[in-house]
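Work through the exercises below with the sequence and the structure side by side.

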Amino acid sequence: MAWYNMTGESSDTVISTRVRFARNLAGYNFDSTLGEKEAREIIEKISDIFTPAMGFERIDLNEKNRLEALSYVEKHFISREFAAKKTPHTLLLSEKFNTAVMVCEEDHVRLQTILPGLSLNEAYEDLCRFDDQLDSNVQIAYDEKLGYLTHCPTNLGTGMRASVMMFLPALTMAKQIGGIASQLSKIGLTIRGMYGEGSESRGSLYQISNQVTLGVSEEETIRKLSEIVAQISNRERKLRATLKDDRFDALKDKVLRAEGTLRYAHMLSSAETTELFSLVRLGVAMGIIEDVDCAMLSRILVETAPATLTLTSEKELKTDTERDIARAEKIKAVLPM
Amino acid sequence: MKCERCNKNEATFFYEENINGEKKKYSLCAHCAEEMQNSGELKTLSSPFAEISSSSPFALMGDTLFGSLFYPAEAAKIGSVAKKCPRCGSTLRDFRERGKAGCPDCYGTFSAELEPTLRSMHGSASHTGRAPAKWKKKRDHADRMKELRAELNEAIKKEEFEKAARLRDEIKAMNEKEEG
């Protein structure tokens with residue numbers, strides 16, 4: 001089942017967990033000096049490994065299915081750069097395993113698993129299995145000293161980027177994100193707003209990930225990131241408890257108004273949906289709203305994003321107004337009455 | 001520090017030469033360094049250094065980090081400025097402008113120039129962690145051999161000759177297995 005239809009661990013503070021490995025094939029140039037013929041060779045080689053029999057669907061991305069590609073970006077299966085690429089590139093996707101193999105991204109192969117809630121170990125172990133498959137079928141560019149050789153030196157070593165999407169409304173309100181950011185940078189981690197850079201991200205959604213890939217093993221990185229995420233979660237929970245004690249009625253009013261708008265509005269923009277999502281999700285986590293769960297909210301966030309909404313709508317959506325009406329309808333269909 | 005030639009831009013290139021005892025020192029901005037090099041005033045450099053491209057991820061990390069990678073005096077000393085990757089033909093300048101290697105072999109070609117940058121970027125220049133099966137086997141074998149050799153030395157030191165003989169046989173067997 002796709003990650004956004006499930007509720008994972010620590011779902012009060014964590015939306016999803018994503019781990020990716022960057023790998024390249026020995027004997028081929030990197031992307032910026034790679035010829036089209038070689039790119040197609042690589043695509044065929046990798047497509048022969050991650051086959052439909054293994055649960056992977058092959059999607060050759062090009063101008064014609066640009067909207068589909070953007071929808072995969074909104075589902076966090078692929079990167080925006082990969083969707084926009086002009087040279088040959090192919091996606092091998094398993095929605096069952098929530099794993100995407102991006103072939104001819106910046107690196108020849110990027111393996112990526114995304115799971116709901118906090119599940120760094122599980123995502124890492126899943127990914128290792130797919131990495132072993134890759135390793136037993138092709139020769140990987142590797143150096144004893146520098147580890148996995150990647151196009152960009154920032155990924156050398158493990159080639160691993162592990163990131164956790166956190167939901168931190170109380171820390172955002174208390175203006176503590178900036179302080180967390182400077183602490184994280186000292187230990188090789190980073191925090192970025194999901195929507196727009198800067199310390200206050202729309203929807204209070206943040207991505208926390210490792211920066212360093214050389215000299216620190218995968219397990220060590222996962223352990224460090226897990227610890228930090230747990231610490232940040234606890235700080236967020238403590239602040240929420242304070243909110244509950246001090247300003248419960250004001251908060252409850254705000255949350256329920258947001259729920260009302262989400263349920264009954266005729267038109268909703270993408271930006272407003274994210275804001276409302278944030279308040280309702282906080283209401284669910286604090287027990288103010290009971291008949292909505294986190295999976296429904298993740299689904300709303302993914303399925304009402306512009307490309308996915310356009311792709312799944314029965315009608316053709318030409319104007320912003322048509323899209324905003326369709327978005328409100330979609331939300332009504334997801335939330336229980 | 002300002003560039004001593006134009007006195008406008010920040011100096012990012014520090015150049016020293018010593019030709020037959022005649023010493024010269026310059027602190028220059030990228031623009032002046034390139035001009036002086038083109039006019040032949042800076043003799044030991046054979047390739048001009050362009051500004052860091054703003055699209056390169058390296059640009060985000062500031063000049064100081066890359067100062068070490070593209071420090072002309074250093075680069076000239078190791079004689080690497082005109083070096084080209086034999087596989088993809090990338091030069092150090094290509095690498096720098098792209099912010100990315102051209103092929104896996106670039107890392108071997110430019111390893112000396114890259115090492116300080118990797119240290120600033122990652123705090124380390126050597127990998128620890130997963131490896132492809134082939135390499136992992138090699139690494140495990142090397143680790144085990146190291147252990148056995150240490151044990152053997154210890155046994156010899158303590159005059160435990162029976163144990164030493166057993167260890168010696170084990171090492172021999174492991175070597176033969178690896179070669180076979």
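**Exercise 1. Find the residue with a positive phi in the hairpin of β4(A) and β5(A), and then describe the pairing around β4(A).**

Solution. Five residues lie between the two strands of this hairpin, and Cys104(A) takes a positive phi near 65 degrees there. The model is a predicted one, in which local features need pLDDT of at least 70 and side-chain atom pairs count only at pLDDT 80 or more, while totals for chains, interfaces and linings use all residues. Residues are numbered from 1 along each chain as its sequence is written, chains are lettered from A and ligands numbered from 1 in the order in which they are written, and side-chain values use heavy atoms, with hydrogens and water left out.

Next, take the strands themselves, where helices (H or I, at least four residues) and strands (E, at least two) are DSSP runs numbered from the N terminus, and two strands pair if DSSP finds at least two bridges between them. β4(A) pairs with strand β5 (residues 109-116) of chain A in the antiparallel sense over five bridges, and Val103(A) has Val109(A) as its bridge partner in β5(A). Strand β3 (residues 89-94) of chain A also pairs with β4(A) in the antiparallel sense, over five bridges, and here Thr90(A) stands opposite Val103(A). The hairpin of β3(A) and β4(A) has four residues between the strands, and Asn98(A) in its turn has a positive phi of about 50 degrees.

**Exercise 2. Decide whether the residues on the two faces of β4(A) are buried or exposed.**

Solution. Begin with the cut-offs: buried means under 20% relative accessible area, exposed over 50%, and partly exposed in between, with a 1.4 Å probe and protein chains only. In a regular strand the side chains alternate between the two faces of the sheet. On one side of β4(A) are Thr99(A), Val101(A) and Val103(A), on the other Ala100(A) and Met102(A), and all are buried. Five of the five residues of β4 (residues 99-103) of chain A are thus buried, so the strand is largely enclosed by the rest of the structure.

**Exercise 3. Locate the aromatic pair of Phe30(A) and Tyr107(B), and the pair of Phe167(A) and Phe277(A), and describe their geometry.**

Solution. Rings of Phe, Tyr and Trp (its six-membered ring) pair if their centres lie within 6.5 Å, and planes under 30 degrees apart count as stacked, over 60 as edge-to-face and the rest as tilted. The count by this rule comes to 12 aromatic pairs over all chains. Phe30(A) and Tyr107(B) form an edge-to-face pair, 6.4 Å centre to centre with 70 degrees between the planes. This pair crosses between chains, from the loop between β1 (14-23) and α1 (36-47) of chain A, which holds Phe30(A), to helix α5 (residues 106-109) of chain B, which holds Tyr107(B). Phe30(A) counts as buried because its relative accessibility is 0%, and Tyr107(B) counts as buried at 2%.

The pair of Phe167(A) and Phe277(A) is also edge-to-face, at 6.3 Å centre to centre and 65 degrees between the planes. It links distant parts of the chain, with Phe167(A) in strand β8 (residues 160-167) and Phe277(A) in helix α8 (residues 270-285) of chain A, 110 residues apart. Phe167(A) counts as buried at 0% relative accessibility, and Phe277(A) likewise counts as buried at 0%.
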